Amino acid sequence: MAEGFGEFRQKITFRTPASRRRYSTLLVPLIFISVFWLNGCAGNGKGLDENGNPIGNDGGLPVAFDPTYTNIQQNVFSAICIECHVGATAPQGLMLDSDHAYDNLVNVHSNEEPNLFRIAPGDPDNSYIIHKLEGGPNIVGGQMPLNRPPLSQETINAIRVWIAQGAPRN
Ligand code: HEC
């Protein structure tokens with residue numbers, strides 16, 4: 001018994017340095033590879049979209065058109081929404097004609113959901129207009145445009161990306 005254990009110990013002590021060496025010959029290149037790989041990610045522009053904004057905050061979504069305010073005004077607000085959202089009696093006081101839309105939306109609290117801005121620059125998920133266009137789940141009233149076919153997801157994405165980029169006025 002005792003002899004057997006002694007042999008066993010001997011085997012371990014004999015083996016350990018060799019296996020350590022074997023592991024370290026594997027570990028050292030692995031560490032080098034990971035360090036270079038991590039450096040590469042930080043420095044080669046991967047993870048950024050064409051405007052240099054980080055992908056992930058809606059930067060990589062398929063969009064119906066170039067996500068600028070000018071295009072959104074022309075293709076969405078002026079084309080579809082001003083059927084109702086115009087003039088002194090506009091629903092919820094939200095006028096979406098080109099003279100008023102930007103100032104009625106960006107950093108303005110929603111009437112239906114006062115905890116949210118209609119548009120919160122940089123934060124499409126917490127912009128009430130996106131909830132209203134996508135139809136929920138936590139909206140008051142109907143999906144927009146009310147009683148009309150919903151916008152395509154690519155069109156909503158263009159608004160999402162514009163908001164994610166800070167909702168600039170151009
Ligand atoms: C047919 C009329 C109609 C059209 C078209 C329409 N809306 Fe509305 N909208 C309303 C009405 C009525 C309300 C208030 C009742 C409700 O929310 O259902 C409203 C409410 C809203 C609100 C909530 C405002 C707040 O302060 O809480 C937003 C945002 C909105 N609409 C955006 C849009 C957008 C963007 C479009 C175009 C894509 C659009 N609407 C098209 C009738 C319309």
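**View 1. Pro 145 sits in the loop between α4 (128-134) and α5 (153-164).** Helices here are DSSP runs (H or I, at least four residues), numbered from the N terminus. What joins Met 144 and Pro 145? A cis peptide bond does, with omega at about -5°. For context, most peptide bonds are trans. Keep in mind that this is a predicted model: local features need pLDDT of at least 70, side-chain atom pairs count only at pLDDT 80 or more, and totals for chains, interfaces and linings use all residues. Residue numbers start from 1 along each chain as its sequence is written.

**View 2. Asn 147 is found in the loop between α4 and α5.** Phi of Asn 147 is near 55°, a positive value in a residue other than glycine. Most residues other than glycine have a negative phi. Asn 147 counts as exposed, because it has 8 C-beta neighbours inside 10 Å (exposed means 12 or fewer other C-beta atoms within 10 Å of a residue's own, with C-beta atoms placed from the backbone).

**View 3. Asn 107 lies in the loop between α3 (101-105) and α4.** Here's another positive phi in a residue other than glycine, near 60° for Asn 107. Is Asn 107 buried or exposed? Asn 107 is exposed, with 11 other C-beta atoms within 10 Å.

How values were computed: Helices (H or I, at least four residues) and strands (E, at least two) are DSSP runs, numbered from the N terminus. A residue is buried if 20 or more other C-beta atoms lie within 10 Å of its own, exposed if 12 or fewer, and partly exposed in between; C-beta atoms are placed from the backbone.
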